[in-house]
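Me: I'm new to this one. Can you walk me through it in short answers?
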Amino acid sequence: MKEHRGALEAAGHRFAIVASRFNAVATERLVAGARACLVQHGADDDSIELYWVPGAWELAIAADRVAATGRFAAVIAIGCVVRGDTPHFDYVCGSAATGLTDVSLRHSLPVAFGVLTTDTADQAMQRAGGKHGNKGWEAALAALETVNLLDRVEA
């Protein structure tokens with residue numbers, strides 16, 4: 001059996017981070033984690049571009065436009081949706097996930113899902129650099145591994 005794995009090497013690749021401003025206390029920490037991960041794994045700071053959108057709902061359209069440029073090896077989507085008292089949470093989370101998946105498949109480009117979907121603000125903070133780590137970092141790591149794996153796939 002021939003096995004393929006992606007390396008955790010960012011050098012030579014360009015990355016876009018598309019981030020939601022809503023729940024900025026958490027998303028700014030997630031963005032910092034994603035950037036730190038890319039830099040620690042060899043990305044030059046000039047090879048990372050950050051695009052801010054109002055909320056998680058807008059992540060897919062911005063990611064689609066960024067992916068269409070052909071300039072990036074991957075897009076890392078960052079957001080934070082905290083459950084409220086209405087079904088709004090379900091619509092936003094589901095649409096963000098589906099939309100970002102569609103972008104990835106349409107452009108044959110890794111789109112990492114670094115969108116927190118939590119019940120409370122405290123849970124979000126625990127996943128944005130707290131006791132549960134930084135999910136922005138983890139999304140960037142997934143993007144790196146996938147980019148490098150796809151580079152190895154033979155046509």
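Me: Let's start with a pair of helices. Is the crossing where helix 2 passes helix 3 left-handed or right-handed?
Reply: Helix 2 crosses helix 3 in a right-handed way. Keep in mind that this is a predicted model.

Me: What angle do helix 2 and helix 3 pack at, and how far apart are their axes?
Reply: The angle is about 15 degrees. The axes of helix 2 and helix 3 are 8 Å apart. Angles under 35 degrees count as roughly parallel. Helix 2 and helix 3 are therefore roughly parallel to each other.

Me: Which residues make that contact?
Reply: From helix 2 come Leu59, Ala60, Ala63, Asp64, Ala67 and Ala68. From helix 3 come Gly99, Leu100, Val103, Arg106 and His107.

Me: How many of the residues in the contact of helix 2 with helix 3 are nonpolar, polar and charged?
Reply: Seven are nonpolar, two are polar and two are charged.

Me: Which ones are the buried residues of helix 2?
Reply: Leu59, Ala60, Ala62, Ala63, Asp64, Val66 and Ala67.

Me: What comes just after helix 2?
Reply: Gly70, which takes a positive phi of about 75 degrees.

Me: Which residue other than glycine has a positive phi?
Reply: Asn23 has one, with phi near 60 degrees. Asn23 sits in the loop between strand 1 and helix 1. Its relative accessibility is 28%, so Asn23 counts as partly exposed. Ser108 also has a positive phi, of about 50 degrees, and is not a glycine.

Me: Where is Ser108?
Reply: In the loop between helix 3 and strand 4. Ser108 is exposed, as its relative accessible area is 63%.

Me: New topic. How do helix 1 and helix 5 cross?
Reply: Helix 1 covers residues 24-40 and helix 5 covers residues 135-152. Their axes come within 6 Å and cross at roughly 40 degrees. Helix 1 and helix 5 are therefore oblique to each other.

Me: Is the crossing of helix 1 and helix 5 left-handed or right-handed?
Reply: Right-handed.

Me: Which residues of helix 1 and helix 5 meet?
Reply: On the helix 1 side, Leu30, Gly33, Ala34, Ala36, Cys37, Leu38 and Gln40. On the helix 5 side, Lys135, Gly136, Trp137, Ala140, Leu141 and Leu144. The residues of this contact divide into nine nonpolar, three polar and one charged.

Me: Let's zoom in on helix 5. Is Ala140 buried or exposed?
Reply: Ala140 lies in helix 5. Its relative accessible area is 0%, so Ala140 is buried.

Me: What does Ala140 touch, leaving out residues up to four places away in sequence?
Reply: Ala34, Cys37, Leu38 and Ile76. Ala140 and Cys37 are 103 residues apart along the chain. Their C-alpha atoms are separated by 6.4 Å.

Me: What about Cys93, how far is the nearest cysteine sulfur?
Reply: It is 9.2 Å away and belongs to Cys80. A disulfide needs the pair of sulfur atoms within 2.5 Å. Cys93 is in no disulfide. With a relative accessible area of 12%, Cys93 is buried.

Me: Last stop, Arg5. Where is the place of Arg5?
Reply: In the segment before strand 1. Arg5 is exposed, with a relative accessible area of 61%.

Me: What does Arg5 touch, not counting residues up to four places away in sequence?
Reply: Leu149 and Arg152. In sequence, Arg5 and Arg152 are 147 residues apart. In space, they are 8.4 Å apart, C-alpha to C-alpha.

Key:
Residues are numbered from 1 along each chain as its sequence is written. This is a predicted model: local features need pLDDT of at least 70, side-chain atom pairs count only at pLDDT 80 or more; totals for chains, interfaces and linings use all residues. Side-chain values use heavy atoms; hydrogens and water are left out. Axes are lines fitted to C-alpha atoms, for helices over the stretch in contact, and angles run from 0 to 180 degrees between N-to-C directions. Helices (H or I, at least four residues) and strands (E, at least two) are DSSP runs, numbered from the N terminus. Angles under 35 degrees count as roughly parallel, over 145 as roughly antiparallel, 65 to 115 as roughly perpendicular and the rest as oblique. A crossing is left-handed if the near helix is turned anticlockwise from the far one by less than a right angle, and right-handed if clockwise. Contact means heavy atoms within 4.5 Å. Ala, Val, Leu, Ile, Met, Phe, Trp, Tyr, Cys and Pro count as nonpolar, Asp, Glu, Lys and Arg as charged, and the others, Gly among them, as polar. Buried means under 20% relative accessible area, exposed over 50%, partly exposed in between (1.4 Å probe, protein chains only).
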